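Here is a short briefing on one protein model. Look over the sequence and the structure first, then read on.

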Amino acid sequence: DLEIPVTEHFAFSFEMSWAWPLAPIVRTLHFWGLLSLVLSFSALAQQLLGAVDSGEKRLDLAADVPGFGAVANWYEEQDHDWNKAAEDGGCLSERALLTSISKVFLENVVQLWLQASFFGLIFDRLHHVGKVKLLISMALGLISCLAKILPMAVGLLCALRAGSIGWAQGMAILLGQMIAICCIAWTAMKLYKSFHCETHIWNLTTGCVPKEIIEGIS
């Protein structure tokens, strides 16, 4: 059974790192459970942002969740004050800035990190053609994330300069974008180290997981 060693090796990589308190949670949820949890959380996060933003219902954000872009644009156009400030300053829309957290960070970046972890966990079971396909897929995903985040960061700085978004809200979004960029670099390093670590499993805080311990678990 592939799922059991994958979960155990993944949990042990947490035990060796500074995130060791999360190891029992990983064992309880299993790797497939974590994937399901992240997918469900990312699907609801954007709607949550729309519901709690300034204490008002944000129908443009809610419509963007299922991909109703035209409906989201119509609701967004009703916010005339924001549109005028955005047009005057050449900034991105408020919806674009807020969804940079929910769509890019919580959905794309976190799932790519889990995919890179899974790639290392099943490295020896993959054919070289399968490795190439997965690497191309994840590389395109990482490039797509950067292509989304960098313009968002520029647009956010523009919005802060124009005063069309509050400093507290702007700093929170900027923090999310900086964390997303760090996680992209972290994910790329995990993929790189999967070819250089003997066990193909690498931690940010402790480096490669020792082969002797993995063999003992197996």
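This is a predicted model: local features need pLDDT of at least 70, side-chain atom pairs count only at pLDDT 80 or more; totals for chains, interfaces and linings use all residues.

The protein has nine helices and two strands. Its largest pocket has a volume of about 610 Å³. Eight aromatic pairs are present in the structure.

**Fold and surface**

- Along the sequence, the elements run α-α-α-α-α-α-α-α-β-β-α.
- The protein has 218 residues, and 42% of them count as buried.
- Take the contacts between residues at least 6 apart in sequence: 63% of these join residues at least 24 apart.

**Largest pocket**

- The lining of the largest pocket counts 29 residues.
- Nearest the centre of this pocket lie Phe10, Phe14, Leu22, Trp113 and Trp186.
- Two or more lining residues come from each of these elements: helix H1 (3–16), helix H2 (23–52), helix H6 (94–121), helix H8 (167–193) and strand E1 (202–203).
- H6 gives the most to the lining, with nine residues.
- By residue class, the lining holds 21 nonpolar, seven polar and one charged.

**Aromatic pairs**

- A pair of aromatic rings is described by two values, the distance of the centres and the angle of the planes.
- Phe10 and Phe31 pair edge-to-face, at 5.0 Å centre to centre with 75° between the planes.
- This pair links distant parts of the chain: Phe10 sits in helix H1 and Phe31 in helix H2, 21 residues apart.
- Phe10 counts as buried because its relative accessibility is 3%, under the 20% cut-off.
- Phe31 is buried too, with a relative accessible area of 4%.
- Trp113 and Trp186 have ring centres 5.4 Å apart and planes at 65°, so this pair is edge-to-face; the angle cut-off for that class is over 60 degrees.
- The Trp113–Trp186 pair also links distant parts of the chain, with Trp113 in helix H6 and Trp186 in helix H8, 73 residues apart.
- Trp113 has a relative accessible area of 16%, so Trp113 is buried.
- Trp186 is partly exposed, with a relative accessible area of 27%.

**Aromatic cluster and pocket**

- Which residues form one aromatic cluster? They are Phe10, Phe14, Phe31, Trp113, Phe118 and Trp186.
- Phe10, Phe14, Trp113 and Trp186 belong to this cluster, and they are among the residues nearest the centre of the largest pocket.

How values were computed: Residues are numbered from 1 along each chain as its sequence is written. Side-chain values use heavy atoms; hydrogens and water are left out. Helices (H or I, at least four residues) and strands (E, at least two) are DSSP runs, numbered from the N terminus. Buried means under 20% relative accessible area, exposed over 50%, partly exposed in between (1.4 Å probe, protein chains only). Contact means heavy atoms within 4.5 Å. On a 1 Å grid over the protein atoms alone, a cavity is a set of points where a 1.4 Å probe fits but cannot get out, and a pocket is an open set with protein on both sides within 12 Å along at least five of seven lines; lining residues have an atom within 4 Å of a point. Grid points are joined across faces, edges and corners, and a volume is the space filled by probe spheres set on the points. Ala, Val, Leu, Ile, Met, Phe, Trp, Tyr, Cys and Pro count as nonpolar, Asp, Glu, Lys and Arg as charged, and the others, Gly among them, as polar. Rings of Phe, Tyr and Trp (its six-membered ring) pair if their centres lie within 6.5 Å; planes under 30 degrees apart count as stacked, over 60 as edge-to-face and the rest as tilted.
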